Amino acid sequence: MRQPVPLPRKHTMIQQQAVRAALDTLLYSTAVGRHTPLEHLWLVDAYLLDPENPLDRDERQLALHTILIDLITAELACHRTALHLDATSADLFPALDHISADARTENIELIAWSWLYYRYVRVDLHVTPSLFCQYTHCDERTRRRYHAHGIRRLTERLVKQEREARRILWKHRLYAELPMPFPIRLFGRDELLAQARTLFESYVPPLIQVNGEAGIGKTAFVVALIRERIEAGGVSELIWLERPTTCIAVMDAVKSRLSPDIFTTGNPFVKGGSMVLVLDDLSLLADNLPALNQLLSGLAPITVCLIHYTPLPVSAMSVQIRLDALMLIETHALIRGWEGQWARSLNGLALSDVEIMALWESARGNPAVLLREFHALIGDN
């Protein structure tokens with residue numbers, strides 16, 4: 001059974017000795033207990049396409065082997081192509097000729113990757129160290145230098161790919177925290193988004209209150225804002241709590257997800273605005289302002305976003321963003337977008353400008369009401 005990984009997770013250090021040990025498992029893959037720390041790389045998670053639920057150790061080892069083999073093979077092919085050499089061969093004797101050709105270039109990068117390839121990838125050819133020395137016309141000491149250089153370069157490539165894999169997978173994990181994990185297009189909120197964007201980029205983590213009537217799009221607005229921040233790499237951790245029951249439950253959720261040292265005053269490693277807590281619908285907390293104020297005072301340096309119908313008179317300094325009803329021109333663009341989205345089911349049906357105005361007046365510019373009446377109208381047709 002797949003077991004979930006607790007988050008946040010520790011990051012595996014990529015060091016040359018760990019890379020060398022992982023390569024050795026390619027030579028002795030049938031040996032028992034030869035698993036290495038590199039099996040827990042984000043690269044392996046990406047290969048398995050399921051970062052939250054890694055499979056058992058043997059499958060992770062196979063994934064790591066595939067990553068190493070593909071990387072070495074690609075690097076050798078890249079260097080041989082750059083030097084106008086033939087592709088590698090599946091047979092022994094052409095392979096030995098290729099090793100000799102690699103040596104004649106006197107290119108240490110190519111020779112190092114050639115050694116790693118024939119030593120760890122094409123183990124079926126049985127290119128021993130002495131055989132490699134014979135066809136590269138070098139002594140054992142020089143071969144060891146090629147080996148060390150190749151391990152160093154392989155480590156550098158792994159570090160680079162691991163950093164990118166971590167960035168992508170962490171971003172996807174943050175997206176999964178959102179109540180709407182897909183991109184959202186907002187209408188008529190550009191100025192408010194720009195205002196909120198500036199707040200998130202400020203040095204001091206802000207307390208933002210997003211207010212407005214039911215269905216006006218408060219949650220969608222905050223989702224769109226945070227997606228921007230995630231895409232820009234400005235969010236390191238996100239906790240989204242819908243209709244929290246008590247302030248104690250909120251603090252417990254925060255402490256279970258974040259390291260305790262982030263609450264240390266003056267922690268230089270905490271980037272303002274990078275950790276975000278969203279409390280969506282404060283109907284169960286609004287009646288106990290003393291407890292809410294105590295909670296907010298204890299959440300620094302986390303950026304907190306409160307979503308509620310009306311502004312709350314909290315003691316912490318906050319910025320209020322109120323979402324008003326959509327204007328007619330914004331409603332027109334919104335409905336035309338819906339028509340494009342559901343064009344296939346509408347069979348070419350499009351509302352007239354008069355019908356859109358009637359919808360806007362009936363819904364009073366409320367997006368949720370507009371959507372409900374839009375579906376009712378096209379259903380009748």
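A residue is called buried when its relative accessible area is under 20% and exposed when that area is over 50%, with partly exposed in between, as found with a 1.4 Å probe on protein chains only. Helices (H or I, at least four residues) and strands (E, at least two) are DSSP runs that are numbered from the N terminus.

This is a predicted model, in which local features need pLDDT of at least 70 and side-chain atom pairs count only at pLDDT 80 or more, while totals for chains, interfaces and linings use all residues. Residues are numbered from 1 along each chain as its sequence is written, and side-chain values use heavy atoms, with hydrogens and water left out.

## Overview

The secondary structure of the protein comes to 15 helices and five strands, and buried residues make up 45% of its 381 residues. A contact means heavy atoms within 4.5 Å; of the contacts in the protein with a separation of 6 or more, 74% are between residues 24 or more positions apart.

Where does strand E4 lie, and why can it be called largely enclosed? Six of the six residues of E4 (residues 303-308) are buried, so the strand is largely enclosed by the rest of the structure.

Two strands are said to pair if DSSP finds at least two bridges between them. Strand E1 (residues 207-211) runs parallel to E4 and is joined to E4 by five bridges, and strand E3 (residues 275-280) also pairs with E4 in the parallel sense, over five bridges. Ile 307 of E4 is the bridge partner of Val 210, and Ile 307 also stands opposite Asp 280.

A crossover is right-handed if, with the strands pointing away from the viewer, the path from the first strand over the helix to the second runs clockwise. E3, helix H11 (residues 289-297) and E4 make a right-handed β-α-β unit of this kind. In the loop between E3 and H11 is Asp 281, which has a positive phi of about 80° although it is not a glycine.

## Nonpolar cores

A nonpolar core is a set of buried Ala, Val, Leu, Ile, Met, Phe, Trp, Tyr and Cys residues joined through side-chain atoms within 4.5 Å. The largest such core has 72 residues, and those with the most contacts inside it are Leu 23, Leu 154, Leu 158 and Phe 221. Apart from it lies another core, of 24 residues, including Leu 241, Met 275, Leu 292 and Ile 302. If residues up to four places away in sequence are not counted, Leu 158 touches Ile 14, Val 19, Leu 38, Leu 43, Ile 67, Leu 68 and Leu 71.

## Aromatic rings

Rings of Phe, Tyr and Trp (its six-membered ring) pair if their centres lie within 6.5 Å, and planes under 30 degrees apart count as stacked, over 60 as edge-to-face and the rest as tilted. The structure holds three aromatic pairs. The rings of Tyr 117 and Tyr 118 have centres 4.9 Å apart and planes at 85°, so this pair is edge-to-face; both Tyr 117 and Tyr 118 are buried.

A charge sits over a ring if NZ of Lys or CZ of Arg is within 6 Å of the ring centre and within 35 degrees of the ring normal. Arg 143 lies over the face of Trp 115, at 4.6 Å from the ring centre, and the charged end of Arg 173 sits over the ring of Trp 170, 4.3 Å from its centre.

## Individual residues, buried and exposed

| Residue | Relative accessible area | Class |
|---|---|---|
| Asn 366 | 2% | buried |
| Lys 171 | 12% | buried |
| Ser 315 | 62% | exposed |
| Arg 364 | 70% | exposed |

Asn 366 is found in the loop between helix H14 (353-363) and helix H15 (367-380), and, not counting residues up to four places away in sequence, Asn 366 touches Glu 213, Ala 214, Gly 215 and Ile 216. Arg 364 lies in the loop between H14 and H15, and its phi is near 55°, a positive value in a residue other than glycine. Lys 171 lies in helix H7 (residues 140-177) and touches Ile 230 and Glu 231, again without counting residues up to four places away in sequence.
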